[in-house]
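Hi,

Here is the structure I promised to pass on to you. Have a look at it first, and then read on for what turned up.

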Amino acid sequence: MTKLIINGAKGRMGQTLLSCAARIPELQIVAATDVGDDLSGPLAQCDAVIDFTLHHVTADVATLCARHGKALVIGTTGHSEAEKAVIRAAAATIPMVWATNFSTGVNTLFWLTRKAAEILGPSFDLEVVEMHHRLKKDAPSGTATTLLEILADVRKLQLEEALRHGRKGITGERTSEEIGIHALRGGDVVGDHTVIFAANGERVELTHKASSRETFANGALRAAQWVVGRAPGIYDMQAVLGLK
Ligand SMILES: NC(=O)c1ccc[n+]([C@@H]2O[C@H](COP(=O)([O-])OP(=O)(O)OC[C@H]3O[C@@H](n4cnc5c(N)ncnc54)[C@H](O)[C@@H]3O)[C@@H](O)[C@H]2O)c1
């Protein structure tokens with residue numbers, strides 16, 4: 001039995017995590033916390049915390065988990081570099097699964113994107129398009145950022161220099177050293193991502209569309225069961241799925 005705390009329990013993902021966890025007999029929810037609740041109170045009773053909150057919340061959660069020796073699953077996205085540094089420091093003490101996307105399909109997309117970029121090579125221009133619901137607070141999405149990091153890594157580009165966030169005005173011709181990212185927002189879209197590889201005469205597009213948050217929730221719950229008892233450090237969903 002794995003004992004969990006869901007932090008951000010009143011949110012879209014928090015609610016989905018609670019309903020999915022209720023269907024898994026090997027899981028017990030010992031607390032469902034949200035803004036204003038004292039996470040340190042129930043912490044002693046759990047094996048792991050799952051955090052789907054806001055970017056500025058996770059660093060304190062990670063520090064608290066490290067102090068109490070509790071495993072952590074981070075689904076929250078949009079962290080600043082300073083926040084990421086605090087989270088990484090906590091991982092010296094506890095095991096974490098930190099993933100911008102917990103769905104099996106998107107982790108397959110991550111794998112395919114690397115392969116396609118390696119096979120297609122530098123003559124293909126790279127663009128990423130993502131769309132999410134109108135209430136999403138960060139852009140581009142954490143998943144799109146992971147896709148961009150994979151593309152930059154394969155092409156040996158510095159991501160911050162290569163990125164073009166949308167385009168406007170007299171931009172000049174596109175160079176092969178740039179990677180475009182376009183964030184669309186509207187309606188109730190759970191999460192769409194397309195990676196475009198465009199060359200003269202042909203184009204490859206890899207697309208993933210999530211139609212239910214349950215795919216993220218079930219992945220995060222699987223990650224929580226997997227991470228308890230592991231050595232300290234940061235693991236991603238590909239490790240949980242046994243893809244590496
Ligand atoms: N990794 C993934 O697979 C994945 C999938 C979907 C969403 N996300 C990310 O998860 C996060 C949450 O998404 P959402 O759609 O559920 O957002 P949401 O706004 O519906 O929920 C966030 C919740 O966090 C709560 N919160 C705010 N401050 C808090 C605090 N100090 N302590 C505890 N709770 C606090 C809010 O009250 C709210 O209930 C976002 O960063 C989103 O990008 C990740």
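Gly142 is partly exposed, because 18 other C-beta atoms lie within 10 Å of its own, while a residue needs 20 or more to count as buried and 12 or fewer to count as exposed. Please keep in mind that this is a predicted model. You will find Gly142 in helix α6. Leaving aside residues up to four places away in sequence, Gly142 touches Thr77, Gly78, Thr100 and Asn101. There is also His79, 63 residues apart from Gly142 along the chain, with 9.1 Å separating the two C-alpha atoms.

Now for the helix itself. Helix α6 covers residues 142-155, which makes 14 residues, and spans 20 Å from the first C-alpha to the last, close to the 20 Å expected at 1.5 Å a residue. Its buried residues are Thr143, Ala144, Thr145, Thr146, Leu147, Leu148, Ile150 and Leu151. The cover over these buried residues includes α5 (104-120), β6, α7 (159-162), β7, β8 and β9 (191-199).

In the loop between β6 and α6 sits Pro140, and the peptide bond that joins Ala139 to Pro140 is cis, with omega at about -10 degrees. Lys156 is not a glycine, yet its phi is positive, at about 60 degrees. Is Lys156 buried or exposed? Lys156 counts as exposed, because it has 7 C-beta neighbours inside 10 Å.

Next, the strands. β6 (residues 125-132) and β8 (residues 179-185) run parallel and are joined by seven bridges. If you want a pair to click on, Val129 has His182 in β8 as its bridge partner. β8 also pairs with β7 (residues 163-165), again in the parallel sense, over three bridges. Here Leu163 stands opposite Ile179 of β8. When you look at the side chains, remember that in a regular strand they alternate between the two faces of the sheet.

Stepping back to the whole chain, how is it divided into domains? Domain 1 takes in 2-102 + 213-240, and domain 2 takes in 104-210. Their C-alpha centres lie 27 Å apart. Where the domains meet, domain 1 gives 10 residues to the contact and domain 2 gives 14 residues. On the domain 1 side, α8 (214-227) and α9 (237-240) are the elements that give two or more residues. By class, that side of domain 1 has one nonpolar, eight polar and one charged residues.

Last, the ligand, which may be what you want to see on the screen. Which residues come nearest to it? Of the 25 residues around the ligand, those are Gly8, Gly11, Met13, Val35 and Gly75. Helix α1 (residues 12-21) supplies the largest share of the shell, with three residues. Sorted by class, the shell has eight nonpolar, 13 polar and four charged residues.

That is what I have for now.

Best wishes

Technical notes. Residues are numbered from 1 along each chain as its sequence is written. This is a predicted model: local features need pLDDT of at least 70, side-chain atom pairs count only at pLDDT 80 or more; totals for chains, interfaces and linings use all residues. A residue is near a molecule or strand if its C-beta atom, placed from the backbone, lies within 6 Å of it. Helices (H or I, at least four residues) and strands (E, at least two) are DSSP runs, numbered from the N terminus. Ala, Val, Leu, Ile, Met, Phe, Trp, Tyr, Cys and Pro count as nonpolar, Asp, Glu, Lys and Arg as charged, and the others, Gly among them, as polar. Two strands pair if DSSP finds at least two bridges between them. The expected span of a helix is 1.5 Å times one less than its number of residues. Two residues are in contact if their C-beta atoms, placed from the backbone, lie within 7 Å. Domain bounds come from an automatic or database domain assignment.
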